[in-house]
Amino acid sequence: MELGMEYLLFFVFSFVALFFFRKLAKRFYPNNASGITVYPNEGENQQRYTIEAKIESDNSDGINNVKIFCYDMTMLFKGHGHNVKFSFHDSRLSDGIDEKHKAEIFKVVNELFNGTDYQYIATVNQNQLNEVKSILTEQEYEEKKKKNTI
């Protein structure tokens with residue numbers, strides 16, 4: 001493939017991923033700037049590009065963990081050049097995230113994965129489930145639990 005065409009495709013895929021990431025991040029932190037920076041890595045290594053995801057104030061554990069979640073969903077659904085159709089997070093991802101944002105993760109996962117051949121796997125502690133249950137209505141909680149638990 002011609003180098004110019006490669007960079008054009010890279011730009012298009014980067015723009016789509018950036019838009020998706022920002023849309024997800026705004027669901028959690030509507031007043032925080034967010035985005036993905038992608039630039040060529042011309043060093044002597046095997047990484048063609050350097051990718052940096054950012055949500056303003058992501059030096060806090062909670063915002064950083066939401067950033068990781070948004071980035072992982074972006075790479076899964078808008079990345080290219082891979083055949084991966086699942087994502088996995090352990091309960092550590094929920095540490096530092098407030099209850100409202102944990103509940104939003106449940107909603108996002110439900111929206112993104114239902115009706116697709118993609119799979120989301122998460123280990124969640126009972127106290128984290130209780131926090132989410134306190135935010136969602138009983139019906140929302142039960143619906144998400146039934147539809148998404150194996």
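**View A. Lysine 85 is partly exposed, at 38% relative accessibility.** Buried means under 20% relative accessible area, exposed means over 50%, and partly exposed lies in between, with a 1.4 Å probe and protein chains only. The model is predicted: local features need pLDDT of at least 70, side-chain atom pairs count only at pLDDT 80 or more, and totals for chains, interfaces and linings use all residues. Residues are numbered from 1 along each chain as its sequence is written, and side-chain values use heavy atoms, leaving out hydrogens and water. Lysine 85 forms a salt bridge with aspartate 117, with 2.7 Å between the closest N and O atoms. A salt bridge here is a side-chain nitrogen of Lys or Arg within 4 Å of a carboxyl oxygen of Asp or Glu. Lysine 85 sits in the loop between helix 2 and strand 3, and aspartate 117 in the loop between helix 3 and strand 4 (119-122), so the pair ties together parts 32 residues apart in sequence. Helices (H or I, at least four residues) and strands (E, at least two) are DSSP runs, numbered from the N terminus. Aspartate 117 is exposed, at 53% relative accessible area.

**View B. Val84, Phe86, Phe88 and Ile121 form a nonpolar patch on the surface.** Together they have about 350 Å² of accessible area. Patch residues have over 30% relative accessible area and no salt bridge; like charges are joined within 9 Å, and nonpolar side chains (Val, Leu, Ile, Met, Phe, Trp, Tyr) within 5 Å. Accessible areas come from the Shrake-Rupley method with a 1.4 Å probe; for residues, only the protein chains shown count as cover. Phenylalanine 88 belongs to strand 3 (residues 86-89). Its relative accessibility is 44%, so phenylalanine 88 counts as partly exposed. For the chain as a whole, the accessible surface comes to about 9,600 Å², and 53% of it belongs to carbon and sulfur atoms.

**View C. Arginine 27 and glutamate 104 form a salt bridge.** Side chains of opposite charge can pair when their charged atoms come close. The closest N and O atoms of arginine 27 and glutamate 104 are 2.6 Å apart. Arginine 27 lies in helix 1 and glutamate 104 in helix 3, so the bridge ties together parts 77 residues apart in sequence. Arginine 27 is partly exposed, at 33% relative accessible area. Glutamate 104 is buried, at 15% relative accessibility.

**View D. Lysine 102 pairs with glutamate 131 in a salt bridge.** Their closest N and O atoms are 2.2 Å apart. The pair links distant parts of the chain: lysine 102 is in helix 3 and glutamate 131 in helix 4 (residues 126-135), 29 residues apart. Lysine 102 is buried, at 8% relative accessibility. Salt bridges that share partners also join Arg27, Glu104 and Glu111 into one network. The whole structure has 4 salt bridges.

**View E. The largest nonpolar core has 24 residues.** A nonpolar core is a set of buried Ala, Val, Leu, Ile, Met, Phe, Trp, Tyr and Cys residues joined through side-chain atoms within 4.5 Å. Phe28, Phe69, Cys70, Met73 and Phe113 touch the most other members. Two or more residues come from each of helix 1 (3-28), strand 2 (49-55), helix 2 (61-78) and helix 3 (99-113). Helix 2 gives the most, with 7 residues. Phenylalanine 113 touches Met73, Leu76, Phe77, Tyr118, Gln119 and Tyr120, not counting residues up to four places away in sequence. Contact means heavy atoms within 4.5 Å.

**View F. Helix 2 has 18 residues.** From first C-alpha to last, helix 2 reaches 25 Å, close to the 26 Å expected at 1.5 Å a residue. The expected span is 1.5 Å times one less than the number of residues. Buried residues of helix 2 include Gly62, Asn65, Lys67 and Thr74.

**View G. Aspartate 58 lies in the loop between strand 2 and helix 2.** Aspartate 58 is buried, at 10% relative accessibility. Beyond its neighbours within four places in sequence, aspartate 58 contacts Ala53, Ile63, Asn64 and Lys67. Aspartate 58 and serine 34 are 24 residues apart in sequence, and 9.6 Å apart C-alpha to C-alpha.

**View H. Lysine 144 is part of helix 5 (residues 138-148).** Lysine 144 is buried, at 9% relative accessible area. Its contacts are Phe106, Lys107, Asn110 and Leu136, not counting residues up to four places away in sequence. Lysine 144 and asparagine 110 are 34 residues apart in sequence, yet 6.8 Å apart C-alpha to C-alpha.
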